[in-house]
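Here are some notes for a colleague who is starting to read this structure. Please keep the sequence and the model open beside the numbered points.

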Amino acid sequence: MITFPYAKINLGLNIVARRPDGYHNIETVFYPIPLTDVLEIVPATEVSLTCYGNPVDCPTEKNLVMRAYRLLQERFDLPPVAIYLYKHIPDGAGLGGGSSDAAHALLMLNQMFNLGIAEADLATMAATLGADCAFFIYNRPVLATGIGDVMSPVDVDLKGKALLLVKPPVGVDTRTAYSRVVPAPATMDLSHLMTQPVESWDGLLVNDFEPSVFAALPQLWLIKASLIDAGAQYTAMSGSGSTVFGIFDSDKLAEAAADTFADCATFVLHL
């Protein structure tokens, strides 16, 4: 069985409060985008994970895909499988690639072995692997609160828009990024903003990570400024970075903008 785990961007990201358990409560809109890895799982005589594509700097048993398999193996005594993962989504980019891989592994194993786990229960399991893993069980935009695991429907539609992702050759450590943010209640209603035209989001739809991350990595601010100059209707950093994205009205504008970022990985996606 083969599937294509998709990435996400954050539309707004408010760090609302630090929790007693050390995590943070957030408010964000997770929006799925058509940038994918490739995940194949087949029956085998012994359990294995083989990775291709972008280098994966992670021991096999700590890889989120293998952890997803072990989670279900403990509960359902799964037979051994061979897992093949082609990494295309950049790591350390704020795009949720590893979380998506894990969630899709749960979905695939549930289907392959007829485990009968309900979608909501799969999401609960996914949340034990990572704060945003649960989102990837659902292939639709959601308003996420809590640590990113409490989800509700949101009315937002970017169909017909072009998305340019710009990933510079630097990463951002998520834990460090959180340590530099001072939590505060959100000042805008994300659900309401999502119903407004994209071009009205600038200055209202914010990512609380940007001030401290841009201070540490000024090149990210330069990328954002360049996207604005290139005609993006809205631009922001995704998650804790380091990807910066721009939403354009046409593929032509997005492709022209992509040509200006020679030192970065760029992806133009039609939404």
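1. Does Trp-221 count as buried, partly exposed or exposed? Trp-221 has a relative accessibility of 44%, so this residue counts as partly exposed, where buried means under 20% relative accessible area, exposed means over 50% and partly exposed lies in between (1.4 Å probe, protein chains only).

2. Before going further, please note that this is a predicted model, in which local features need pLDDT of at least 70 and side-chain atom pairs count only at pLDDT 80 or more, while totals for chains, interfaces and linings use all residues. Residues are numbered from 1 along each chain as its sequence is written, and side-chain values use heavy atoms, with hydrogens and water left out.

3. Eight aromatic pairs are found when the whole structure is searched; rings of Phe, Tyr and Trp (its six-membered ring) pair if their centres lie within 6.5 Å, and planes under 30 degrees apart count as stacked, over 60 as edge-to-face and the rest as tilted. One of the pairs joins Phe-135 and Phe-136, whose rings are edge-to-face, at 4.8 Å centre to centre and with 65 degrees between the planes. Phe-135 is buried, its relative accessible area being 0%, and Phe-136 is buried too, with a value of 1%.

4. The rings of Phe-214 and Trp-221 make a tilted pair, because their planes stand at 45 degrees, with the centres 6.4 Å apart. Phe-214 is buried, with a relative accessible area of 12%, whereas Trp-221 is partly exposed.

5. A single aromatic cluster is formed by Tyr-6, Phe-30, Phe-135 and Phe-136.

6. Turning to the helices, the axes of H2 (residues 97-112) and H3 (residues 119-127) come within 10 Å and cross at roughly 135 degrees. Here axes are lines fitted to C-alpha atoms, for helices over the stretch in contact, and angles run from 0 to 180 degrees between N-to-C directions; helices (H or I, at least four residues) and strands (E, at least two) are DSSP runs, numbered from the N terminus. H2 and H3 are therefore oblique to each other, since angles under 35 degrees count as roughly parallel, over 145 as roughly antiparallel, 65 to 115 as roughly perpendicular and the rest as oblique.

7. Finally, Asn-63 lies in the loop between strand S5 (48-53) and helix H1 (64-76), and Asn-63 counts as buried because its relative accessibility is 8%. Apart from neighbours within four places in sequence, Asn-63 is in contact (heavy atoms within 4.5 Å) with Leu-49, Cys-51, Val-56, Cys-58 and Leu-85.
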